[in-house]
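This briefing is meant to be read with the model open beside it.

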Amino acid sequence: MSSTPTRAYAPYSQPLWKRVLLTRESAIIALTVVVICWALAAVPNFDGPLTLKYLLQDTAPILLIALPMTLVIITGEIDLSVASIVGLSSVLLGVLHQGGMSVPAAGAVALLVGAACGTLNGVLVAYVGLPSLAVTIGTLALFRGVAVGLLGTTAVTDFPEAWTDLATGTVGESSVPLVMVPFAALVVVFTLLLHFSPFGRGVYDIGLNGEAARFSGVHVARTKLVLFVLSGVVSAFAGLYFTLRFGSARGDNATGLELQVIAAVLLGGVSIFGGRGRLHGVLAGVVLIGVIASALRLEGVTVNVTNIVIGVLLIVSVVSGALVAYVSGRLRRPRPGSSAEAPETSSRRAASAGA
Amino acid sequence: MKFHTQRSAALVAVTLSAALTLAACGGGDDGGGGGGEATGAGGGQSGGDLTLTMLPKNLGNPYFDVSTAGAEEAAGELGASIEQVGPEQASPDAQVQYINTAAQQGVGGLIVSANDPTAICDAIDEARDAGTKVVTFDSDTSPDCRDLFVNQATAEGIASKQLELISEQIGGEGEIAILSASANATNQNAWIAMMEDELKNNPDYANIQLVDTVYGDDEDQKSFDETEALLQNHPNLKGIVSPTTVGIAAAARYLQNSQYKGKVALTGLGTPNQMRPYVEDGTVTSFALWNPGDLGYLATYATAALVNGEITGKEGDTFEAGKLGEYTVGPDGVVVLGDPFVFDKDNIGDFDF
C-alpha cells in the first residue's frame, strides 16, 4: 500500500453567482435597499438634501465601532464596554482641553486611554481566560463610572470652532460628512485584516473552534488581545467624533450605544456564537437600522416605536433562518440516502464557513 | 447535517423575496420622485398652513405635558398644526436628532427647551438655514443661536412676588426668614439679594424684618431640619419664604405636624403636585411658580408671529398672544411671560405637574 497521499478538494457545491448572491449579507443589503426605496417613496422629506448628511452623521459612531466589534464577535467574544469607552474618551477630551491642552493633544491622550481600556479587556479575556461577557460588563460600569466621576454632571462645551466644524462638516460641496473619510480608511484596513490576511483567517478559526485554531498555529490569545485593543482605540475615536459633533463632553455621552452596535452586527449576519459573518453585511445592518430610525422620526413616530421595530427586525432576522431550516428539514426527512451525503456536506460546510 | 443545503434554501427564499420587492421598488422610485415634488408643493403652501414642532427636554415629563397642552391650545387658535417630539432622556445629543428632523421636514417653527445651551446650537443653525424659526422656552441656548427665548419669569418678578405673598399672609408686619437652596446657588442668591433690597426700600414692607437666611442645600432632610432650627431660634417668627421647590415642600411637611401649623406662614416657589396636600389642609395658603401651560401658549404665539413675519425678534417688536394679551420683545430677544403665577386652594386642582 504505497499510495502517495493526495489532497482532495471538495468541489464548490454552488456556482459562483449563487455563492455570492445567495448569502445572508446579500439578503440584508437587498432589504436595506428596499427600505431606502420605501422611505424615498413613502416618507415625506426623506428625499431632501439633508437626509444623507444627517443619516451618516448619526450612524457614524455605530459604523466605526461595528468594524472591530464584528471581528470580536466572529472570534466568539463580545465587547460591551465600547459605549463606556466612548464616554470616557469624550470626558478626557473635555477635561484635558479645559485644562489648557490643545484638541489634538487631548485627542491623542484619549486614544491612548482607549487603547489602554482595550488592553485591560483583552488581557483579562485572552490571557487570564475570563469570559468576555463578564469582563466587559464589569469594564462597562468601570469606564462609565470613571467618566462620570471625572466630570460629574457638568459638561465641557468650549471647543474651538475649527475642530467642531471638522466634525460637522462635509466633504466639499457634497452631503457626505467628513467623518466618512477616516471611516472609509478604517473600512479598507478592517476588510484587508478580516478577509484578506492570515490574521483574519485566524479570527474565523478561533470562532469556529478555538482549540483547533490553537493546534493549527493561530495565536489565539494574541489575536483576541489585538482585537480588544482595536475595539478600544476605535471606540475612543468615535468618542472624539461624538464630542466634537455635539460640541459637548459629558460623562453620559453615548450611553447604550453598545447595544445598537451589537444589534447592527447581528442583523448584518454575524453569528453571536462566532465563526460566521462578513463586514459588508454588518455595514448594511448599520445603515438599515439608521434608515429605519431616520424615516420613522420623519414620520413623527416616537422613539419607543422605533425601538420596537428594530427589536422585532432583529429577532425575525435571527429566527427566520432557523425557522426555514427547520421547515425544510421536516420536508426533506423522508427522502432516502440523506445519510450518504452527510460527510460531503459537512466538509462543504467547513469549507464554506466564514467565506 | 443538512444544514448547508437547508440554509441555501432559506437564503434563496429571503433573497428572492427581497429581489422581487426590489424590482417593485424600481417602479416605486418614480413614485418617490413624484412624492418629492408633491411634498415640495406642500412646502410652498406652508406660508398658509403653519407647521410647528414642539421639542421639550424629554417626553413623559408632567411639566412639559402641561406646556405642550398650552402650545396645542394656541396652535388650535392659530389654525396651525403642532407636533410634539422628543427624546426619552434629557440629553443634548438625542435632542439634536429631533432638531435635524425638523430641518429635514422644513417645519415653519421649532419650539425647544434646550438640554444644553451650546451643544444643540450647530443643529439649530442648520435648521435656521433651512428656513425654520427657532424659539426656546423654559431653558435657553446662547442668545445668538435662536430667534427668541420665552422666559418664564424674571428674577425681579420672582423676588417681588414672593415678598408680596408673604406680606399678605403675615398681615404686613413681623419677622420673616428665608430657607434657600445651597449657599452658592446663583438663582436663589440673586432673588434673595433683590428681596433684601426691596425690604429696605419699599415702604410697604417697613414693618417686616428679615431675621435669618438658612440653607437646606436642596436636600429634603436638611431643609426639614433647618426649618425646625429656624422656628426654635426665632420664637416670634411669622413667616418663611423658600424660593426652592425642595425647601418649600420640606418646610411644609415640618409645619404640617407641628404646633406652628396655621401660625407661621410659608410661601415660595413650589410645584402644585408637591404642594397639593399642604394647600388643601391649610398649612400653606399660596405659593408661586410660573404656569407652564401659559409658557407653551406664549411660545407658540411668538413662533407663529416670527414665521408669519409680524416680528423679526429684535428688541421692541410687539405681538398679540391670544388670551395673554400683547407682548414686547426685550433685550437679547427675550420675551418674558410675566409675573409668577400664584397657586392657591381655588386653582391648584387645575394643575398636574
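The points below are grouped by topic, after a note on conventions.

The model is predicted, so local features need pLDDT of at least 70 and side-chain atom pairs count only at pLDDT 80 or more, while totals for chains, interfaces and linings use all residues. Residues are numbered from 1 along each chain as its sequence is written, chains are lettered from A and ligands numbered from 1 in the order in which they are written, and side-chain values use heavy atoms, with hydrogens and water left out.

**Largest pocket**
- The largest pocket holds about 1200 Å³ of space; a pocket is an open set of points on a 1 Å grid over the protein atoms alone, with protein on both sides within 12 Å along at least five of seven lines.
- Of its 41 lining residues, Thr255(A), Gln260(A), Val303(A), Asn307(A) and Gln97(B) are the closest to the centre; a lining residue has an atom within 4 Å of a point.
- α3, α11, α12 (257–267), α13 (279–298) and α14 (303–332) of chain A, together with α3 of chain B, each supply at least two residues of this lining; helices are DSSP runs of H or I with at least four residues, strands are E runs of at least two, and both are numbered from the N terminus.
- The most comes from α3(A), with seven residues.
- By class, the lining of the largest pocket has 21 nonpolar, 14 polar and six charged residues; Ala, Val, Leu, Ile, Met, Phe, Trp, Tyr, Cys and Pro count as nonpolar, Asp, Glu, Lys and Arg as charged, and the others, Gly among them, as polar.

**Cavities**
- There are three cavities of 30 Å³ or more; in a cavity a 1.4 Å probe fits but cannot get out.
- A volume is the space filled by probe spheres set on the grid points, which are joined across faces, edges and corners.
- The largest cavity has about 90 Å³ of space, and its lining includes Lys53(A), Thr168(A), Arg245(A), Asn100(B) and Glu126(B).
- α3 (51–74) and α11 of chain A and α3 (92–105) and α4 (121–129) of chain B each give at least two residues to that lining, which divides into five nonpolar, three polar and four charged.
- The second largest cavity, of about 50 Å³, is lined by Arg297(A), Thr53(B), Glu83(B), Val85(B), Tyr98(B), Thr101(B), Ala102(B) and Gln105(B).

**Helix α11 of chain A**
- Helix α7 (residues 161–168) and helix α11 (residues 220–246) of chain A pack at about 110 degrees, with their axes 8 Å apart; axes are lines fitted to C-alpha atoms over the stretch in contact, and angles run from 0 to 180 degrees between N-to-C directions.
- That makes α7(A) roughly perpendicular to α11(A), a term for angles of 65 to 115 degrees.
- Trp163(A), Thr164(A), Ala167(A) and Thr168(A) of α7(A) meet Tyr241(A), Leu244(A) and Arg245(A) of α11(A), where contact means heavy atoms within 4.5 Å.
- Arg245(A) also forms a salt bridge with Asp58(A) (2.9 Å, N to O); the rule asks for a side-chain nitrogen of Lys or Arg within 4 Å of a carboxyl oxygen of Asp or Glu.
- Arg245(A) lies in α11 and Asp58(A) in α3 of chain A, so the pair ties together parts 187 residues apart in sequence.
- The count over all chains is 15 salt bridges.

**Backbone angles**
- Most residues other than glycine have a negative phi.
- Asn45(A) has a positive phi, near 75 degrees, and is found in the loop between α2 (24–42) and α3 of chain A.
- Asp217(B) has a positive phi, near 55 degrees, and is found in the loop between β7 (208–215) and α7 (220–233) of chain B.

Note on methods
Parallel < 35°, antiparallel > 145°, perpendicular 65-115°, else oblique.
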